[in-house]
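I am opening a notebook on this structure. I want to look at the ligand, the pockets and a few backbone details.

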Amino acid sequence: MTGAASLSGLRIVVSAGPTFEDIDPVRFIGNRSSGKMGFAIAAAAARRGGEATLVAGPVALETPIGVERIDVRSAAQMHAAVLALLPCDLYIGAAAVADFTPQQFASSKIKKRAGETGLTLELVRTRDILADIATHARRPRMVVGFAAETDTVESYARAKLADKHLDLIAANRVGVEGAGFESDHNALTLYWRQDGRDCARALGPAPKQQLAEALLDVILERMTA
Ligand code: PMT
């Protein structure tokens with residue numbers, strides 16, 4: 001892209017898409033995510049000369065030109081794949097990682113029984129990839145998270161920024177038409193702290209490709225500040 005700041009010489013890792021947590025051979029728990037936002041970011045990073053690697057959950061998208069892609073299914077696989085890519089200069093967590101996974105995988109299909117009115121599943125928390133990256137001994141220079149919220153967007157996003165030790169968080173509203181999950185468009189509000197002050201910048205609404213470029217502009221500004 002002409003005029004866009006270069007990412008040449010930088011290793012960028014982007015996560016995208018959902019994770020699927022298998023219950024049995026035919027059923028899983030997953031989040032709603034097409035991968036479009038994360039793929040757009042990886043594509044933009046590669047166009048700017050960055051060495052971009054995409055760790056993708058199960059999605060039906062073409063690999064962007066110039067991007068190395070690693071496909072995973074579960075949160076545990078995504079965690080292992082992302083951590084194996086350290087060290088890198090920049091990590092952007094755009095994936096909708098499942099927060100919970102079944103405690104046990106049933107190796108045979110769970111059958112319905114006559115008279116049964118429900119099924120109780122025991123779920124356990126998945127490991128937080130973003131928080132583990134941000135506190136890792138080989139922490140990237142810049143760690144960027146996303147926050148998908150239905151309401152109270154700013155306070156939830158700022159809490160994630162602090163709790164997960166991030167440099168910047170991109171919040172988007174989900175559960176609305178024409179933005180967030182699955183849509184080709186989105187609107188982001190970026191939150192970060194600078195010199196003890198809360199900072200914010202709104203991007204969009206715009207196509208996800210355009211937002212990816214604008215997000216990288218702000219990230220590069222922050223990396224060179
Ligand atoms: O894929 P699309 O259809 O284009 O939709 C884009 C999107 C809405 C999925 C994307 O813009 C987005 O918001 N991604 C983050 C979704 C999410 O899971 O948000 P969260 O608020 O639950 O998680 C906060 C952050 O922690 C995220 O960066 C997430 O990747 C990370 N996380 C969460 C749980 C976990 N176990 N490990 C993590 O790294």
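**The pocket lining**

I began with strand E9, which gives the most to the lining of the largest pocket, with three residues. I note here that the model is predicted.

Which other elements take part? I found that H1, strand E6 (90-93) and H3, together with E9, each supply at least two residues of this lining. The whole lining of the largest pocket comes to 34 residues. Ala-95, Ala-96, Val-97, Phe-146 and Ala-148 lie nearest the centre of that pocket. I sorted the lining by class and got 15 nonpolar, 10 polar and nine charged residues. I then looked up the space in the largest pocket, and it is about 700 Å³.

**The ligand**

Where does the ligand sit? I found it in the largest pocket.

I looked next at the shell of residues around the ligand. There are 29 of them, and Ser-33, Ser-34, Lys-160, Asn-172 and Glu-182 come nearest. By class, this shell has 12 nonpolar, nine polar and eight charged residues.

Three elements each give the shell at least two residues: helix H1 (36-47), helix H3 (129-134) and strand E9 (142-149). E9 again stands out, as it gives the most to the shell, with four residues.

Ser-33 has a polar side-chain atom 2.6 Å from an oxygen atom of the ligand. For Arg-127, a backbone N or O atom is 3.0 Å from a nitrogen atom of the ligand. For Phe-146, a backbone N or O atom is 3.0 Å from an oxygen atom of the ligand. How much of the ligand's accessible area does the protein cover? On its own the ligand has 780 Å², and the protein covers 96% of that.

I came back to Phe-146 for a moment. Phe-146 is also one of the residues nearest the centre of the largest pocket.

**The second largest pocket**

I moved on to the second largest pocket. Its volume is about 180 Å³. Which element gives the largest share of its lining? I found H1 there, with five residues. H1 and helix H5 (208-223) each supply at least two residues of this lining.

I listed some of the names. Among them are Lys-36, Phe-39, Ala-40, Ala-43 and Arg-47. Leu-61, Glu-62 and Pro-64 also line the second largest pocket. Other lining residues include Ser-183, Asp-184, Lys-208 and Gln-209. By class, I have five nonpolar, two polar and five charged residues in this lining.

I ended with the backbone. Which peptide bonds are cis? The bond from Leu-86 to Pro-87 is cis, with omega near 5°. I placed Pro-87 in the loop between helix H2 (75-84) and E6. A cis peptide bond also joins Gly-204 and Pro-205, with omega about 10°. I placed Pro-205 in strand E12 (residues 197-207).

My last entry is Thr-152. Its phi is near 45°, a positive value in a residue other than glycine. Thr-152 is in the loop between E9 and helix H4 (153-163).

Notes:
Residues are numbered from 1 along each chain as its sequence is written. This is a predicted model: local features need pLDDT of at least 70, side-chain atom pairs count only at pLDDT 80 or more; totals for chains, interfaces and linings use all residues. Side-chain values use heavy atoms; hydrogens and water are left out. A residue is near a molecule or strand if one of its heavy atoms lies within 4 Å of it. A polar contact is a pair of N or O atoms within 3.5 Å; within protein, one must be able to donate a hydrogen and the other to accept it, and residues adjacent in sequence count only if both atoms are side-chain atoms. Accessible areas come from the Shrake-Rupley method with a 1.4 Å probe; for residues, only the protein chains shown count as cover. On a 1 Å grid over the protein atoms alone, a cavity is a set of points where a 1.4 Å probe fits but cannot get out, and a pocket is an open set with protein on both sides within 12 Å along at least five of seven lines; lining residues have an atom within 4 Å of a point. A molecule sits in a cavity or pocket if more than half of its atoms lie within 2 Å of its grid points. Ala, Val, Leu, Ile, Met, Phe, Trp, Tyr, Cys and Pro count as nonpolar, Asp, Glu, Lys and Arg as charged, and the others, Gly among them, as polar. Grid points are joined across faces, edges and corners, and a volume is the space filled by probe spheres set on the points.
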